[in-house]
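Here are my notes on the model you passed along.

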Amino acid sequence: MKKAGLIICLLLLIGCKSKTVSRDTEDLKIKKVSTEEVNANQQRKAYDLGKRVLETCNTSKFKPFNETEVTKSVMENTTEERLTKTCQRFRQYYGSFIDLKLDGVYKTKHEVIYRYHALYTKKVANKELRIFVNEDNLISAIKSMDWDEKFDAKLADQ
């Protein structure tokens with residue numbers, strides 16, 4: 001009986017081997033494009049929504065996103081509670097938010113990425129905000145991170 005159980009377990013383990021998933025490398029490639037190649041309305045939308053998120057830190061008032069602006073996942077993840085937590089940390093370290101300065105526009109196979117330098121009152125602040133816009137012209141991701149001076153150089157290595 002024990003041998004039968006052991007054989008069944010071995011067969012199950014052999015049958016459950018992991019599958020390799022192949023991804024087209026074209027899906028992952030990011031290339032820089034000029035701002036003239038980008039839809040002006042889309043660019044304005046990315047700027048407005050990015051600024052709206054960061055201005056929440058100054059005003060403590062967040063106007064929730066709607067279905068015509070962002071994807072469902074962004075809407076669910078961008079809550080006033082989460083923003084408040086992030087804003088407290090940002091205000092402490094970087095001061096008040098001033099504005100966004102567009103540094104570059106990039107494209108992948110499925111998205112346009114707007115890379116902004118986030119300007120704050122304290123000079124130690126060196127943050128960036130990336131706004132990802134999908135094929136449906138909806139914001140699919142908003143990411144805040146430390147400024148990466150070598151971002152363009154990394155693209156050349158692709």
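The points below go from the overall fold to single residues.

1. First, a caveat: this is a predicted model. The protein chain has 158 residues, and 35% of them are buried. The accessible surface is about 10,900 Å², with 54% of that belonging to carbon and sulfur atoms.

2. Read from the N terminus, the order is α-α-β-α-α-α-β-β-β-β-α. As for contacts with a separation of 6 or more, 53% are between residues 24 or more positions apart.

3. Now the sheet. The 5 strands make an open sheet in the order β1-β2-β3-β4-β5, with antiparallel pairing. The edges are β1 (31–33) and β5 (139–146); each has a single partner strand, so one side of each has no neighbour in the sheet. On average, neighbouring strands are turned by 35° against each other, direction ignored. As a reminder, strands of a sheet pair through backbone hydrogen bonds.

4. What lies across the sheet? Helix α3 (residues 40–59) does, covering β2 (97–107), β3 (111–120), β4 and β5. Its direction is at about 145° to β2.

5. The β4/β5 end is worth a look. Strand β4 (residues 127–134) and β5 run antiparallel and are joined by 7 bridges. Among the cross-strand partners, Phe-132 bridges to Ala-141 in β5, and Arg-130 stands opposite Lys-143, also in β5.

6. Phi of Asn-137 is near 65°, a positive value in a residue other than glycine. Asn-137 is partly exposed, at 31% relative accessible area.

7. Where is the other positive phi I'd flag? At Ser-60, where phi is near 60°. This residue belongs to the loop between α3 and α4 (72–77). Ser-60 counts as exposed because its relative accessible area is 55%, which is over the 50% cut-off. For context, most residues other than glycine have a negative phi.

8. On to the aromatics: there are 7 aromatic pairs. One of them is Tyr-47 with Tyr-116, whose ring centres are 6.2 Å apart with the planes at 55°, so the pair is tilted. Tyr-47 comes from helix α3 and Tyr-116 from strand β3, so this pair ties together parts that are 69 residues apart in sequence. Tyr-47 is partly exposed, with 22% relative accessible area, whereas Tyr-116 is buried at 2%.

9. Phe-90 and Tyr-120 make an edge-to-face pair, 6.2 Å centre to centre and with 80° between the planes. Phe-90 lies in helix α5 (residues 80–94) and Tyr-120 in strand β3, so here the parts tied together are 30 residues apart in sequence. Phe-90 and Tyr-120 are both buried. They also belong to one aromatic cluster, together with Tyr-93, Tyr-94 and Phe-97.

10. Arg-115 lies over the face of Trp-147, 4.0 Å from the ring centre.

11. Lys-31 is in strand β1. Is Lys-31 buried or exposed? Exposed, with a relative accessible area of 53%. Leaving out residues up to four places away in sequence, Lys-31 touches Val-105, Tyr-106 and Lys-107. Lys-31 and Lys-109 are 78 residues apart in sequence, and their C-alpha atoms are 9.5 Å apart in space.

Key:
Residues numbered from 1 in each chain as written. Predicted model: local features only at pLDDT ≥ 70, side-chain atom pairs only at ≥ 80, totals over all residues. Heavy atoms only, no water. Helix = DSSP H or I, 4+ residues; strand = E, 2+ residues; numbered from the N terminus. Buried < 20%, exposed > 50% of the residue type's maximum accessible area, 1.4 Å probe, protein only. Contact = heavy atoms within 4.5 Å. Areas by Shrake-Rupley, 256 points an atom, 1.4 Å probe, with all protein chains shown as cover. Pairing = 2+ DSSP bridges. Axes fitted to C-alpha atoms, helices over the stretch in contact; angles between N-to-C directions. Phe/Tyr/Trp six-rings, centres within 6.5 Å; stacked < 30°, edge-to-face > 60°. Lys NZ or Arg CZ within 6 Å of the ring centre and 35° of its normal.
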